[in-house]
Amino acid sequence: MPDVFIPVNSTPSETPEKPEQNISSSLPISIKNIMSGHKNPVYGFTAYKELPAGITFDTEEQDEVILLFLRMHFITNIPWIAASILLIAAPFLIGYVATLSQSPFAFIPPTFILIVRLFYYLIIAGYIFVNFVTWYFNVSLITNKRVLDVDFEDLIYKNISGTKLSQVQDVSLTQVGVIRILFDYGDVLIQTAAAVDNFELKSIPKPERVVQIVEALLGKELQTNVI
Amino acid sequence: MSFNTNVDFNQFLHASVFLKYGLLSVIILYIIFLFVVLKQVRSMNHIITQPFFAKILTGIAFSLLFFGISLFAIAIVIL
């Protein structure tokens, strides 16, 4: 007698787990020659990682492997970090100067000054957080199938663009200036077919390595423009 | 709140009202900004996912918003 009711022992999860992939088998032969087969963990301040572990994106396909995870070099955050330190120190400096001379705002009560000071530090905390988040979410991914670029600026501009590797025509790098050469970061331009926008990966670490990997995916030779 | 009245009365009255409501208005605007920050962080965490750091960033955004709202409440009570 056939079973009419078959009990379901396990309920399917909301987002099905991606099966553990044999990464080596998913990689093109040209990539196997230049990359190790194991995945590497990505931390909060990571700006460059080959075969990153624990990273997913919403349009990721089942057999897609992220080869490169890229952000702007952390050194590019120095200007706003320096500005934040100055802004944090500013009230102490102003307070010190105010003790030396008669303040024109002496009639303002201390409770009001306390609220203003707390609000000032909240603004600085927001400034630091927004700048960090802007850097953190500006991510470029190169997978075994496509190039993906996530642009996130000033909280109001969000652009996610991607192109298949078959549409990539050329890749080149530009590294201008002493600081960029010293810290080994630069811009990588990925040129695509006319109908699709070009991808400019700005201030990314190890640009020569990135170009080498993309060239390996495309089967071309390295083209550099180091000034 | 006790203002130092060792100044011209009109100046005192104008300054106290202007500063109080001016500050409260700016705090409200900043709370709206922090709410937008929180929404955008949550939205971006769906696009690129790093589970552990997504929770940390969302937590920080929540804390800033909570601190902003608390500051507004304290400002109303004190001022």
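A polar contact is a pair of N or O atoms within 3.5 Å; within protein, one must be able to donate a hydrogen and the other to accept it. The exercises below use this term on a predicted model.

**Exercise 1. Describe the contact between chain B and chain A: how many residues take part, and how much area is buried?**

Step 1. Count the residues. On chain B, 39 residues are in contact with 38 residues of chain A.

Step 2. Take the area. The two chains bury about 3400 Å² between them. Carbon and sulfur atoms carry 80% of that area.

Step 3. Met44(B), Ile48(B) and Gln50(B) supply 19% of the area that chain B buries against chain A.

**Exercise 2. Count the salt bridges and the residue pairs in polar contact between chain B and chain A.**

Step 1. Look for salt bridges. The count is 0.

Step 2. Look for polar contacts. There are 5 residue pairs, both residues at pLDDT 80 or more.

Step 3. Assign the chain B side to its elements. α1 (9-47), β1 (48-49) and α2 (51-78) of chain B each give two or more residues. α1(B) gives the most, with 18 residues.

Step 4. Sort that side by residue type. It divides into 28 nonpolar, 10 polar and 1 charged.

**Exercise 3. Find which strand of chain A joins β1(B), and in which direction the two run: parallel or antiparallel.**

Step 1. Locate the partner. Strand β4 of chain A, residues 56-57, is joined to β1(B) by 2 bridges.

Step 2. Read the direction. The two strands run antiparallel.

Step 3. Phe57(A) stands opposite Ile48(B).

**Exercise 4. Outline the fold of chain A in numbers.**

Step 1. Count the elements. Chain A has 6 helices and 12 strands.

Step 2. Check burial. Of its 227 residues, 39% count as buried.

Step 3. Check the sequence range of contacts. Take the contacts in chain A between residues at least 6 apart in sequence. Of these, 55% join residues at least 24 apart.

Notes:
Residues are numbered from 1 along each chain as its sequence is written. Chains are lettered from A and ligands numbered from 1 in the order in which they are written. This is a predicted model: local features need pLDDT of at least 70, side-chain atom pairs count only at pLDDT 80 or more; totals for chains, interfaces and linings use all residues. Side-chain values use heavy atoms; hydrogens and water are left out. Contact means heavy atoms within 4.5 Å. Buried area is the accessible area (1.4 Å probe) that two parts lose on being put together, summed over both. A salt bridge is a side-chain nitrogen of Lys or Arg within 4 Å of a carboxyl oxygen of Asp or Glu. A polar contact is a pair of N or O atoms within 3.5 Å; within protein, one must be able to donate a hydrogen and the other to accept it, and residues adjacent in sequence count only if both atoms are side-chain atoms. Helices (H or I, at least four residues) and strands (E, at least two) are DSSP runs, numbered from the N terminus. Ala, Val, Leu, Ile, Met, Phe, Trp, Tyr, Cys and Pro count as nonpolar, Asp, Glu, Lys and Arg as charged, and the others, Gly among them, as polar. Two strands pair if DSSP finds at least two bridges between them. Buried means under 20% relative accessible area, exposed over 50%, partly exposed in between (1.4 Å probe, protein chains only).
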